[in-house]
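User: I have a structure open and would like to go through it piece by piece. Can you help me read it?

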Amino acid sequence: MRIEQLEYLAAVTQHGSLRRASEKLHLSQPALSEAITKLERELRVTLLDRRRSGARISREGRELLPYMNEVLAAVDRLRTAAGDQRTDTRVIRVGTVHAATSTLLVPAVRAFQERHPGTTVEVLTLQQAQIDEQLAEGTLDLGLVNVLDGDDPPIGLDGVDLLHGRPVAVLPAGHPLTARPQVTIDELRMERFVMMRAGYVMHRYVHRAFGPEVPPAAHSTDGAEMGKALVAEGVGVTVLPDYSVIGCPLHRVGMIESRPIAGNQTFVTLQLRQRKTLQQPLPVRELQNALATRATEYRAASAATNASAAS
């Protein structure tokens, strides 16, 4: 067994096919396939399900993946200790539902990039179920999802809470409801509504908060960023977590505003998810630290803003 074989399998798992992995590794596809086949013979298990649509990690491969990642993480630590900078030249794949993108994710990636200029952070916009599935398969390194009270990570995944907030009404600048300190569900029912598509937590929250009288969606979209853009253009209102709105560029320049929802008792949490492994590679751990640091900074800034407003 060679370290390269484990790295090849990780690349196929990450990129979803032998062809894309061979391109990233600058290795011929037959050579890559043969290396993994030899590893399968040595371990006496089928590691990849090879199909016309691409190669995906098999059930046996998923069971062995945490142990392989542990070996690769140990190799990363050895290379770091030896002063080998190649640990910095890799791709980290992050799946996100576009929650707190501009307030947390982008600043954290910028801070991480300053320390690791040779590492690429690939951000993919996905629904929560897709993020959890790809984390379990090993095709994502980290995931950012919104969760409501009582939601738990799926079996095999760990969740770390980064930010806690509440759903708020998101309104275009100058909208009549911005004159109110808070808005009611009944008032929101009367508005043209921008609905998050099924599969997003805020879609589930709207159905919970509005009950059987959900407002007809004037528009539907994927993710908070497009929802805010539609609101800024005046085509409707929406409901999002406050940490996805307060402090984002559209909010800072006054194109959108937020108001609390009267009687709302629901908490929404931004959670960082990853596979349950003993040791993540060093660059992934440092991106996790950058996200946690930015979350702490955002909480402190929000607390200072609230205290100033109260006084």
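Predicted model: local features only at pLDDT ≥ 70, side-chain atom pairs only at ≥ 80, totals over all residues.

User: What domains does the assignment give?

Analyst: The chain is assigned domain 1 (1–86), domain 2 (89–164 + 267–310) and domain 3 (167–264). Such bounds come from an automatic or database domain assignment. Between the C-alpha centres of domain 1 and domain 2 there are 25 Å.

User: How many residues are in helix H3?

Analyst: Helix H3 (residues 29–43) has 15 residues. Helices (H or I, at least four residues) and strands (E, at least two) are DSSP runs, numbered from the N terminus. From first C-alpha to last, H3 reaches 21 Å, close to the 21 Å expected at 1.5 Å a residue; the expected span is 1.5 Å times one less than the number of residues.

User: Which residues of H3 are buried?

Analyst: Leu32, Ser33, Ala35, Ile36, Thr37, Leu39 and Glu40 are buried. Buried means under 20% relative accessible area, exposed over 50%, and partly exposed in between (1.4 Å probe, protein chains only).

User: And what covers them?

Analyst: The cover includes helix H1 (3–15), helix H2 (18–25) and strand S1 (48–51). After H3 comes Arg44, with a positive phi near 65 degrees.

User: New topic: in what order do the strands of the open sheet come?

Analyst: The order is S10-S7-S11, with antiparallel pairing. Strand S10 (238–241) and strand S11 (256–260) are the edge strands, each pairing on one side only. Two strands pair if DSSP finds at least two bridges between them.

User: How many bridges join S7 to S10?

Analyst: Four bridges join strand S7 (residues 167–172) to S10. Ala169, for instance, has Val239 in S10 as its bridge partner.

User: Last one, Thr125. Is it buried, exposed or partly exposed, and why?

Analyst: Thr125 counts as partly exposed because its relative accessible area is 39%. Thr125 is found in strand S4 (residues 120–125).

User: What does Thr125 touch beyond its sequence neighbours?

Analyst: Leaving aside neighbours within four places in sequence, Thr125 is in contact (heavy atoms within 4.5 Å) with Thr96 and His98.

User: How far is Thr125 from Met226?

Analyst: Thr125 and Met226 are 101 residues apart in sequence and 11 Å apart in space, C-alpha to C-alpha.

Key
Residues numbered from 1 in each chain as written. Heavy atoms only, no water.
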